[in-house]
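Dear colleague,

I am passing on the structure that we spoke about, and below it you will find my notes on what came out of the analysis. Please read them with the model open beside you.

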Number of protein chains: 2
Amino acid sequence: MSRIVVLTGGVGGAKLVLGLMRVCRPKDITAIVNTGDDFRHMGLAVSPDIDTLLYTLAGKANAAQGWGREGESWSFMDVLKSLGGENWFLLGDGDLALHVLRSHLLANGETLSATTARFAAAWGLGLTMLPMSDDPVATHLTTDEGDLPFQRYFVQRRCAPAVQAIRFEGAARAVPAPGVIEAISDPETRAILIAPSNPWLSVDPVLAVPGIREALAAAKAPVVAVSPIVGGQAVKGPTAKLMGELGLAVTNQSIAAHYAGVIDGLLIDGRDDAADLLIPHDVTDTLMKTLEDRERVARAALALADRIAG
Amino acid sequence: MSRIVVLTGGVGGAKLVLGLMRVCRPKDITAIVNTGDDFRHMGLAVSPDIDTLLYTLAGKANAAQGWGREGESWSFMDVLKSLGGENWFLLGDGDLALHVLRSHLLANGETLSATTARFAAAWGLGLTMLPMSDDPVATHLTTDEGDLPFQRYFVQRRCAPAVQAIRFEGAARAVPAPGVIEAISDPETRAILIAPSNPWLSVDPVLAVPGIREALAAAKAPVVAVSPIVGGQAVKGPTAKLMGELGLAVTNQSIAAHYAGVIDGLLIDGRDDAADLLIPHDVTDTLMKTLEDRERVARAALALADRIAG
């Protein structure tokens with residue numbers, strides 16, 4: 001009973017996985033990563049959440065910036081601009097290696113699973129990294145500016161448009177990547193964690209892949225989410241703004257309601273009100289600024305899962 | 001009668017075109033560029049001779065290195081190596097912008113002609129740059145190590161294998177790019193120059209595109225080649241070694257014989273013997289180290305053409 005499964009999106013999720021890597025054996029960890037943000041940019045296959053996790057676990061992430069590589073160079077973008085190419089999405093010189101090699105391997109018939117495993121192994125990360133699916137799923141937002149693919153909303157428009165609805169194109173036809181259902185359903189799985197990534201934009205695409213929500217509901221292992229709410233706000237990104245636009249209070253009660261039927265417990269921050277929270281929960285400082293913070297949150301989430309499992 | 005047409009390959013050819021740009025009006029110059037070296041590397045469309053010409057004319061070429069961009073950075077290759085990607089062909093960070101954007105535009109249905117014109121215009125080069133063809137042509141070498149595509153021979157094996165034969169895959173089905181035949185056949189064309197690029201590897205692919213050799217033979221304008229031989233040696237690259245392997249003496253007589261039926265005159269270097277050279281010729285210092293050298297060779301080639309035209 002040593003296996004830990006974690007569903008994760010971008011930066012916040014990668015922090016929790018890094019914490020898990022320090023309090024568990026990496027080989028016991030299976031990360032199931034959102035690919036709803038994936039898109040083709042100038043023909044290149046970009047997988048932002050997979051890359052954020054790779055960079056974070058390899059110690060290569062630019063923590064201050066919140067995306068991309070530490071010590072990145074920008075010659076590519078400079079020359080691209082001089083040629084009149086699109087420059088709303090920034091591709092760092094080193095970052096391009098992942099996109100170019102991934103595109104090449106996918107074009108040669110390799111799956112996204114295999115490419116992701118190849119990259120994680122090349123950097124010696126030791127955990128199992130699985131995309132949620134090898135099939136394309138694309139998060140789209142219906143906004144007051146019309147339909148926007150995720151990156152147009154998130155990067156180009158900096159989450160400014162008001163969101164009315166979210167859909168995951170291709171999800172209905174997508175199949176969980178090899179190993180995803182097995183990891184969730186494995187009787188040896190000790191805990192299944194949902195990282196404090198945006199529930200609507202980063203976790204819902206994973207849950208939208210047919211079979212994953214059902215497997216979580218049926219899992220023997222306890223499912224514990226780490227709430228993205230800290231002190232009535234989202235730590236980062238558009239979560240709080242989005243919740244308001246969707247008519248939801250920015251509370252853990254909203255998070256618990258959103259994950260109803262999926263989670264068995266919720267880890268919340270000490271700054272927030274636990275009253276009216278009927279689901280099993282624990283309280284800690286969930287803000288993850290330092291490595292010690294990441295370890296603390298990972299330990300607290302596992303402890304809650306262990307308590308639920310009895 | 002102001003138009004100048006020049007057939008060119010890589011570095012040596014780009015030097016002559018740069019000289020022409022300084023002694024003629026750029027808008028009068030049409031460069032027809034070898035694309036037999038073009039290949040797909042990790043899915044990216046690489047056009048080495050077009051890029052060398054773009055970099056040289058834009059003042060961005062790395063003259064010391066003989067290829068690529070001045071002041072290039074190498075983050076892409078560093079990360080690619082860490083991922084276990086192929087690293088026999090070096091792609092600089094800024095250089096990648098041309099390959100990624102070109103691949104993207106080609107995938108969207110743009111022709112290589114249009115992409116090349118777009119890049120030349122973006123950098124304000126002022127001349128007309130035409131690939132020899134919009135259709136793929138791939139130079140292959142039969143060697144003592146078996147069949148080698150051009151870049152494997154040239155870059156990976158550094159021209160070490162002994163060459164027995166050269167062929168241009170796809171050439172028989174290729175069509176000259178729009179403007180190529182028109183430029184050669186234009187009654188307003190004053191001179192057609194063949195740059196001192198490798199006749200077998202860089203110029204022959206151009207001549208192998210059906211219609212180009214015939215148009216040169218029929219052209220009203222004089223066709224003058226600048227010999228790649230200087231002092232019984234090739235200035236650069238595998239020309240002399242290759243000529244030996246093909247059973248040819250490294251002489252201007254061999255160059256003249258190779259271009260028989262195509263050229264009306266040959267510009268040779270003062271260090272070489274002009275005896276037995278039956279074709280109209282002029283002698284100058286053809287070594288192009290400085291900008292003044294490039295201008296001198298351009299002027300001398302045009303003067304020979306004018307003398308032949310009478």
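**A buried alanine, and how to read these notes**

At a relative accessibility of 0%, B:Ala305 counts as buried (buried means under 20% relative accessible area, exposed over 50%, and partly exposed in between, with a 1.4 Å probe and the protein chains only). B:Ala305 belongs to helix 12 (residues 291-309) of chain B; helices (H or I, at least four residues) and strands (E, at least two) are DSSP runs, numbered from the N terminus. Apart from neighbours within four places in sequence, B:Ala305 is in contact with B:Ala191, B:Pro222 and B:Val224, where contact means heavy atoms within 4.5 Å. B:Gly92, by comparison, lies 213 residues from B:Ala305 in sequence and 39 Å from it in space, C-alpha to C-alpha.

Please keep in mind that this is a predicted model, in which local features need pLDDT of at least 70 and side-chain atom pairs count only at pLDDT 80 or more, while totals for chains, interfaces and linings use all residues. Residues are numbered from 1 along each chain as its sequence is written, chains are lettered from A and ligands numbered from 1 in the order in which they are written, and side-chain values use heavy atoms, with hydrogens and water left out.

**How the two chains are related**

Chain B can be laid on chain A with an RMSD of 0.0 Å by a turn of 180 degrees and a shift of 0.0 Å along the axis, which is the relation of a two-fold axis; the copies are superposed by least squares on the C-alpha atoms of residues with pLDDT of at least 70 in both. Within chain B, the residue that comes closest to the rotation axis is B:Asp93, with its C-alpha at 2.7 Å. Of the interface residues of chain B, 100% are also interface residues in chain A, so the copies meet through the same surface.

**Salt bridges**

Over all chains, a search of the whole structure finds 36 salt bridges, a salt bridge being a side-chain nitrogen of Lys or Arg within 4 Å of a carboxyl oxygen of Asp or Glu. One of them joins the side chains of A:Arg167 and A:Asp147, at 2.5 Å from N to O. Because A:Arg167 lies in strand 8 (residues 163-169) of chain A and A:Asp147 in strand 7 (residues 146-149) of chain A, the pair ties together parts that are 20 residues apart in sequence. A:Arg167 is partly exposed, with a relative accessible area of 33%, and A:Asp147 is likewise partly exposed, at 39%.

In chain B, a salt bridge links B:Arg3 and B:Asp186, whose closest N and O atoms are 2.9 Å apart. B:Arg3 sits in strand 1 (residues 3-8) of chain B and B:Asp186 in the loop between helix 7 (180-185) and strand 9 (189-194) of chain B, so this pair ties together parts that are 183 residues apart in sequence. B:Arg3 is partly exposed at 23% relative accessibility, whereas B:Asp186 is buried, with a relative accessible area of 19%.

A further salt bridge, at 2.7 Å from N to O, is formed by the side chains of B:Glu110 and B:Arg118. In chain A, a network of salt bridges links A:Asp269, A:Arg271, A:Asp285, A:Asp293 and A:Arg296.

**Two residues with a positive phi**

Most residues other than glycine have a negative phi. A:Arg158, although not a glycine, has a positive phi of about 50 degrees; A:Arg158 is found in the loop between helix 6 and strand 8 of chain A and is exposed, with a relative accessible area of 69%. B:Met42 also has a positive phi of about 50 degrees without being a glycine, but B:Met42, in the loop between strand 3 (39-41) and strand 4 (44-46) of chain B, is buried at 5% relative accessibility.

**A buried threonine in chain A**

A:Thr8 is placed in strand 1 (residues 3-8) of chain A and counts as buried, at 1% relative accessibility. Leaving aside neighbours within four places in sequence, the residues in contact with A:Thr8 include A:Gly13, A:Val17, A:Ile32, A:Leu53 and A:Ser197.
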